[in-house]
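Open the model in your viewer and keep the selection tool at hand. The tour goes from one selection to the next and says what is found at each stop.

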Amino acid sequence: PSSSQAKKKPPPAMKGPSLAEVATAKVREAQRLVRLQRSYEAEGVAGDAKALFGRLEDQSGIADANYFLLQAALLEERINDGAKIAEEGLELARKSGNKLDEVKMLRASLLVKLAEGKPLDALEIAAKAEGLLVTLEKNHKEAGEVLLLVAQAHMLQGTTVGQQAALNAALQAVDHFAKAEEGRGEADSWRVVGDARVALGKFEDGL
């Protein structure tokens, strides 16, 4: 065959997204829906993601999906369902020996305690998460997520000491999110910084 005929071969078929890519996209969509407080849709999408990650035997993916399943449950004030998801996820993470997944599920447990209005219990869980983060080299995003929840727990205490602790934790969260280049987490942390400063009477700093 001539070189011109050889050039007329049909192009290779385009490959569709892999199962892992579809599952990861569904986790991102669940996160978006949670932020929009569209709990019913978020729960469905996160459930799909969990099923796909289950087929892949991807425990970290399952932990991510569980986190948004839990948030969807909390949005609907189904605290017991959220607690069950956190407990099962934490047990799975500990069995797999994945410290990062364990931190994620401790964060999930922390969210449950905040929803229950139990800041001291939340802070106790946060201390465990922070202890694990020390063993994870420079995971600034996860550290920022934990510290942001720590700040929220301190704010729930409603005391001057708690508000000052919240301010300190939120400022640390800002620093970690900045290092991780996580703009949304950084913005969320600055909001808590502002709330804490206003609560402490530092009105000019809070604005």
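Which helices each supply at least two residues of the lining of the largest pocket? Select α2 (19-35), α4, α6, α8 (140-157) and α10 (183-199); each of these supplies at least two. Keep in mind during the tour that this is a predicted model.

**Confidence**

Colour the chain by pLDDT. The average over the chain is 89, and 90% of the residues score at least 70. Next select helix α1, residues 3-6: among the elements of the chain, α1 has the lowest mean pLDDT, 50. Then select helix α3, residues 39-56, where the mean is the highest, at 96.

**The largest pocket**

The largest pocket holds about 1,200 Å³ of space. Its lining is made up of 36 residues. To find the centre, select Val34, Tyr67, Phe68, Gln71 and Glu145, which lie nearest to it among the lining residues. Now highlight α4: this helix gives the most to the lining of the pocket, with nine residues. If you colour the lining by residue class, 15 residues come up as nonpolar, nine as polar and twelve as charged.

Keep Tyr67 and Phe68 from the previous selection and show their side chains. Both Tyr67 and Phe68 are buried. How many aromatic pairs does the count come to? The count comes to one. The ring centres of Tyr67 and Phe68 are 5.6 Å apart and the planes stand at 85 degrees; an angle over 60 counts as edge-to-face, so this pair is edge-to-face.

Arg107 lies over the face of Tyr67, 4.5 Å from the centre of the ring.

**The largest cavity**

Searching the whole structure for cavities of 30 Å³ or more turns up one. The largest cavity contains about 50 Å³ of space. Select the residues that line this cavity: Gln59, Ile62, Ala63, Asn66, Gly89, Leu92, Ala93, Ser96, Asp101 and Met105. Which helices each supply at least two residues of this lining? They are α4 (59-75), α5 (79-96) and α6 (99-115). By class, the lining of the cavity has five nonpolar residues, four polar ones and one charged.

**Last stop**

Terms used. Residues numbered from 1 in each chain as written. Predicted model: local features only at pLDDT ≥ 70, side-chain atom pairs only at ≥ 80, totals over all residues. Heavy atoms only, no water. Phe/Tyr/Trp six-rings, centres within 6.5 Å; stacked < 30°, edge-to-face > 60°. Buried < 20%, exposed > 50% of the residue type's maximum accessible area, 1.4 Å probe, protein only. Lys NZ or Arg CZ within 6 Å of the ring centre and 35° of its normal. pLDDT = per-residue confidence, 0-100. Helix = DSSP H or I, 4+ residues; strand = E, 2+ residues; numbered from the N terminus. 1 Å grid on protein atoms, 1.4 Å probe; cavity = no way out; pocket = protein on both sides within 12 Å on 5 of 7 lines; lining within 4 Å. Points joined across faces, edges and corners; volume = space filled by probe spheres on them. Nonpolar A, V, L, I, M, F, W, Y, C, P; charged D, E, K, R; others polar.
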